[in-house]
Amino acid sequence: MNIGVFVCHCGSNIAGTVDTEAVAKAALEYREVVFATDAMYACSEPGQAGIVEAIGTYALDGVVVASCTPRMHEATFRRTLERAGLNRYMFEMANIREHVSWVGKDKAANTRKAAELVHMAVEKLRRNERLQAGEFDIAKRVMVIGGGVAGIQAALDCADGGLEVVLVEREPSIGGKMSKLDKTFPTVDCSSCILGPKMVDVAQHPNITLYALSEVDSVDGFVGNFNVTVRRKAAYVDWDACTGCGECAAKCPSKKTPDRFNEFIGLTTAINIPFPQAIPKKASINANACIKLTKGKCGACAKVCPTGAIRFDQKDELVTEKVGAIIAATGYDLFDFTKYGEYGGGRYPDVITAMQYERLLSASGPTEGHIRRPSDGAEPRDIVFIQCVGSRDKSIGRPYCTGFCCMYTAKQTILTKDHMPDSQSYVFYMDIRSPGKNYDEFTRRAMEEYGAKYIRGRVSAIQPKNGRYLVKGADTLLGRQVEIEADLVVLAVGAEAARGAGELAEKLRISYDPYGFFLEGHPKLKPVETNTAGVYLAGSCQGPKDIPSSVAQGGAAAAKALSLLSKDKLASDPQVSGVKLARCIGCGKCESVCPFGAIEMIEFRGMPKASIIETVCQGCGVCTAACPQGAAQLRHFTDNQILAEVNALCL
Amino acid sequence: MSVTEGKELRIIGFLCNWCSYAGADTAGVGRFAQPTDLRIVRLPCTGRINPLFIVRAFMNGADGVLVSGCHPRDCHYSEGNFYARRRLETLKALLPVIGVDPGRFEYTWVSASEGQRWRSVVASFTEQVHALGSMPRFMSGTSLDLCLRPAVQPRVF
């Protein structure tokens, strides 16, 4: 075998702390290496041309590139090999940037390490086989998990592109956080007026199947052929029969049910339709509050329902959907501010979250758009807004900036002034972060036109005083303490990962960061992909986002799903397991450990043997490690290849 | 050029592609400086690891072996790291029997986002191995060597 080695400088990224020329020289000593050189940027057009040329000149059968992580450019160089007429699997990468030059300070040690990584790659490459990709059929359907604005956009774009879409929403209605907002920044247009039509489009689109009040129970399969089991939770109402007339809610005697949609400001009935624009507009029963379901008596709703849709005996139902791609758009939850003792820890009724304030501002909220204190229903005059509650605070494990709170606080001060011209808003802030089109102008307007007083500093305590609240804080610009008497305190709570995000990530086999937000494939170049093929991200599940970014990402995820499913067949990865029949003793260990059911036992000349279903195998190699005979071998990661790498290091 | 030139020891890392290898990349992107002793072998999954790879590494003179994969329940292949955990626990119990200090072997879970954690894992494991010094050579021709060597030979098909 003729092997060529190319050691990349990556500008000064590698060459700065690794003697690339010495690495190339050392590589010439390794077995079967006939050509070695260093290159400024191996991935660039001239760099790739150099590789193609060397393959021709030196009749190379295999190539090692020592550069960045294979997770970055393995695919790039494999294509280069194909252009030069080689099999794409006759290629190995030595990661001398992320694992060497960027983490080691000592140039001599780095150079030695780089040379050894190249040696390992060469020894592995010597045992590589020419693998050929196969093809498999795919389901041209996509599942969108989460019906907030990002999920709605993704679902509509996929459906318009001709894909069948299954939209799964945990709550009784789609709409997400945006449906709870009164107005949106920086245009102050009505949230439900711009979201409502999109929600209706979802309900009416012939390509969209909507499962509201449903959660993903389990996911198996792989790109092109996922089988997702959805748990349709019992609504205790037959939604096929329910017309959404609302008679049931009007007659329900259990009128003191906590109102989830209104962020627990105000009360609702046990059977209800969460809000007037709900999609689907169907009633559902809160089983914890329903008198019939808890005590066995009542049934008032069943008596008045004109279509007889009430089903007290309804059970959760499992449905399985086969889809080719999955878009996770599960959004975020709000930080629980009761962790902060200085803001009362939840003891003071008039210290509320910004989302609760949003419901007070909303015409469809519990106060019909009149701002009223939760404690006594009085109209507040002095309102203090506190920013960065659960953002940028290491002490509570939330070091990140949520990003949109500065903007929504500015919006709320403007709306406050609109609602109550005599009111005065005070904003305690750390920094104003308003990068976005017309965003900074908007915050300036809040201060200059609407007279919101911005105080740079933190609040140290909130104390009740004569039915009002004494807010004590610091003004760090003037260098003095401030005390403000307020009627209402609104906390700009930050975003945190949605409840259950980690469990969903585990079902989808995607990664998540320490805060529970899903991890994108690459922070810059793969912002909506994940490391699991066929699973995409949209909206705040990937990190806190405002509405325009969520919509943009929803569209981007849809474009990725559409391009994936635009083909009739997908190429299968040939890096899968294979069984040498001559060595297989038919013990069945591989079959029992395979996480994918990709191994079946067959009979071959009267003997039991294992056989790999190549389109199902995902290439984990668990069977290879389990096989007592070494008969099952994961291609491209065979025992011999891995041992060759170990030997290159140790012998 | 041998690793032992200077003061380095031979430490081999077996890392799964999806979490820990990416975590090591994240550490690189973050420029989190680490000791340079470690050499990483990239595998699809920790479930791919045959414990005999690790025995082989020690027999051939590795001073330390580090395995790292996805956190339990976060495996890209659903359950590969559970198999790994069982196999590696068994191996841990075996190592003293074959004369390898168990401190030379460690397995851990590092996710793709945990660059900082990867740095501290590498730093503390390297320190631990340095405290033990270089690995005494396996005596070739001893009964132990004769027992183990065939098990870790490359297979011929």
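Everything I say today is about a predicted model, with an ipTM of 0.92 and a pTM of 0.86. For chain B, the mean pLDDT is 88, and 85% of its residues reach 70 or more.

Back to that glutamine. Gln34(B) sits in the loop that joins helix 1 to strand 2 of chain B. A polar atom of its side chain is 3.2 Å from the backbone oxygen of Phe32(B). And what does Gln34(B) contact, leaving aside its neighbours within four places in sequence? On the chain A side there are Val103(A) and Gly104(A), and within chain B there are Ala27(B), Trp118(B), Arg119(B) and Val122(B).

Those two chain A residues bring us to the interface. The size of an interface is often given as the accessible area lost when the parts come together. Here chain B and chain A bury about 5,200 Å² between them, and 57% of that is on carbon and sulfur atoms. In residue terms, 59 residues of chain B are in contact with 62 residues of chain A.

Now the polar side of things. Between the two chains we count 6 salt bridges. One to look at on your screens is Glu116(A) with Arg39(B), where the closest N and O atoms are 3.0 Å apart. There are also 19 residue pairs in polar contact between chain B and chain A, with both residues at pLDDT 80 or more.

Which elements of chain B supply at least two residues each to the side that touches chain A? They are strand 1 (11–16), helix 1 (20–29), strand 2 (38–43), helix 2 (51–59) and helix 3 (80–94). Helix 1 gives the largest share, with 7 residues.

Let me finish over in chain A, with a lysine I'd like you to see. Lys545(A) lies in the loop between strand 29 (535–537) and helix 15 (547–564). Lys545(A) is buried, yet it has no salt bridge. How far away is the nearest side chain of opposite charge? That is Glu520(A), at 7.4 Å.

What the lysine side chain does reach is backbone oxygen: that of Gly539(A) at 3.2 Å, and that of Gly543(A), which lies 2.9 Å from a polar atom of the side chain. Not counting residues up to four places away in sequence, Lys545(A) touches Phe404(A), Gly539(A), Ser540(A), Ser550(A) and Gln553(A).

Technical notes. Residues numbered from 1 in each chain as written. Chains lettered and ligands numbered in written order. Heavy atoms only, no water. Helix = DSSP H or I, 4+ residues; strand = E, 2+ residues; numbered from the N terminus. Buried < 20%, exposed > 50% of the residue type's maximum accessible area, 1.4 Å probe, protein only. Lys, Arg positive; Asp, Glu negative; His and termini not counted. Salt bridge = Lys/Arg side-chain N within 4 Å of Asp/Glu carboxyl O. Polar contact = N/O pair within 3.5 Å; in protein donor to acceptor, adjacent residues only side chain to side chain. Contact = heavy atoms within 4.5 Å. pLDDT = per-residue confidence, 0-100. Buried area = accessible area lost by both parts, 1.4 Å probe.
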